[in-house]
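Welcome! Take a look at it first, then read on.

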Amino acid sequence: MRARRSLGRQFGWLWASYAVSAYGSGLGFGALPLIAVLVLHASPAQVSALSAVGPAVGALIALRLGPWVEFRRKRPVMIVMDLARFAVMMTIPIAYAFGRLSFVQLLVVSAVVAAAKIARTAASAAYLKALVRPDDLLVANARFESTTWSSIAVGPPLGGAAIGLIGPVTTVVADALSYLFSALGVTAIRGREEDPQRTDKRRVRAGELLDGWRHLLTHPGLRALYLNNLLVGGLIMATEPLLAVLLLRQLGFPPWQYGLAFAVPCVGGLIGSRLARRVVARYGQYRILRTVGTLRAVWLIGLAFVQPGVAGLATVIAVELAIIICMSLYNPVLATYRLEQTPRDRVARTLSAWSISSSACIAVLSALGGLLAHATSPRTAITVAGLLILASPLLLPRRQDSAPVPDLELARARDQPEAGVSHEAK
């Protein structure tokens, strides 16, 4: 078995376009709240609203975009979403240069970027299913996963340095340009994409908005994984701001140690994603989803025992490293299973429903965590989250699915180099 498998030139362009936007987003991580504080002197309540309201409005917009993405060719959708993010992000440095930047503008930008990201991700997943062989889906998803974690490890430290040296909107420009280059990468993918199954111009029916959730909730395996992921992802993300308050304000960690505590463990993302294909080949998809899905829930409680000093820093790094290794191993397996179990004419709506639900759950659990921390303490709220997440393995599938959802395109893909996309030889 080769350590490195070629998935073709077309996948290479898709991966490259994702990589450039991921690294751009890494550089611009946290840029909007930072601009709100440094440039607009926003209050804590406004900063919290920017982090919650923008993505929430974006999720509502994406609800309508799901069916729209489903019934259109996916490559043009990806290009449009990238260009939309480029255009809206560039309004920030332009407004800043003319002294016209406002908090409302940041809210609008946040909402548009969130909606475009959900639609772009859904289109990319649907296109990936047609682009690579079914047996290569796990390899492809693992490469996306490793890129995600490497961009998180490298981007924020470099972005912070760039802001300090050049100015507050520097990373916004870099992030915006990354979307432009991403669109160019998708444009470079050659070959004619298959037309979607429905080509009429009827307005989207109300029921089609809910088809993604209907598929997730009626499929036994996906329903279990969906509910489990909502709880686990929501609780992990809800602890992030609580941990920031605990480390920076109560335990007195300097900012550079706080950044180090989250940058170093991202190396675990490269480890887990590279192991995904090997462990699935050895132990099987179902066993990995059950075992690693359980393991990723046991570490969060460790953050409740963080103490000041080097020992506390080591504790945070160790806990985050364990969580990230488990997540980066679990996520590509989950993404592959989700594509295998979703008919091709419902991938975009299913992925949109999944993303919208995740965003809503994170917002709700983060708000509840903040209220609990205010009433008690950040450490208490982290402890409660760590205890609740221990129950999440009960939501994992209890039995293995016998086979993927029947899909004519997938069946043909076993006999064709790249189903659904005609192109020149690699």
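**A first look**

Arg214 counts as partly exposed, with a relative accessibility of 40% (partly exposed lies between buried, under 20% relative accessible area, and exposed, over 50%, with a 1.4 Å probe and protein chains only). Salt bridges that share partners link Arg214 with Glu70, Asp211 and Arg349 in one network (a salt bridge puts a side-chain nitrogen of Lys or Arg within 4 Å of a carboxyl oxygen of Asp or Glu).

This is a predicted model, in which local features need pLDDT of at least 70 and side-chain atom pairs count only at pLDDT 80 or more, while totals for chains, interfaces and linings use all residues. Residues are numbered from 1 along each chain as its sequence is written, and side-chain values use heavy atoms, leaving out hydrogens and water.

**Confidence**

- The mean pLDDT of the chain is 83, and 87% of its residues reach 70 or more (pLDDT is the predictor's confidence in each residue, from 0 to 100).
- Over residues 408-426 the pLDDT is below 50.
- Where pLDDT is low, the predicted coordinates should not be read in detail.

**Overall build**

- The chain holds 17 helices and two strands (DSSP runs numbered from the N terminus: helices are H or I with at least four residues, strands E with at least two).
- Of the 426 residues in the chain, 51% are buried.
- Helix H14 spans residues 309-340 and reaches 47 Å from its first C-alpha to its last, close to the 46 Å expected at 1.5 Å a residue (the expected span is 1.5 Å times one less than the number of residues).
- Because 23 of its 32 residues are buried, H14 is largely enclosed by the rest of the structure.

**Salt bridges**

- The count comes to five salt bridges.
- Glu70 pairs with Arg349, their closest N and O atoms being 3.0 Å apart.
- Glu70 is in helix H3 (residues 44-70) and Arg349 in helix H15 (residues 347-375), so this pair ties together parts 279 residues apart in sequence.
- Glu70 is buried at 3% relative accessible area, and Arg349 is buried at 8%.
- Asp211 and Arg214 meet in a salt bridge at 2.2 Å, N to O.
- Both lie in helix H9 (residues 211-218), three residues apart, about one turn of the helix.
- Asp211 counts as buried, at 14% relative accessibility.
- Asp82 and Arg85 form a salt bridge at 2.8 Å, N to O, and both are buried.

Conventions: Contact = heavy atoms within 4.5 Å.
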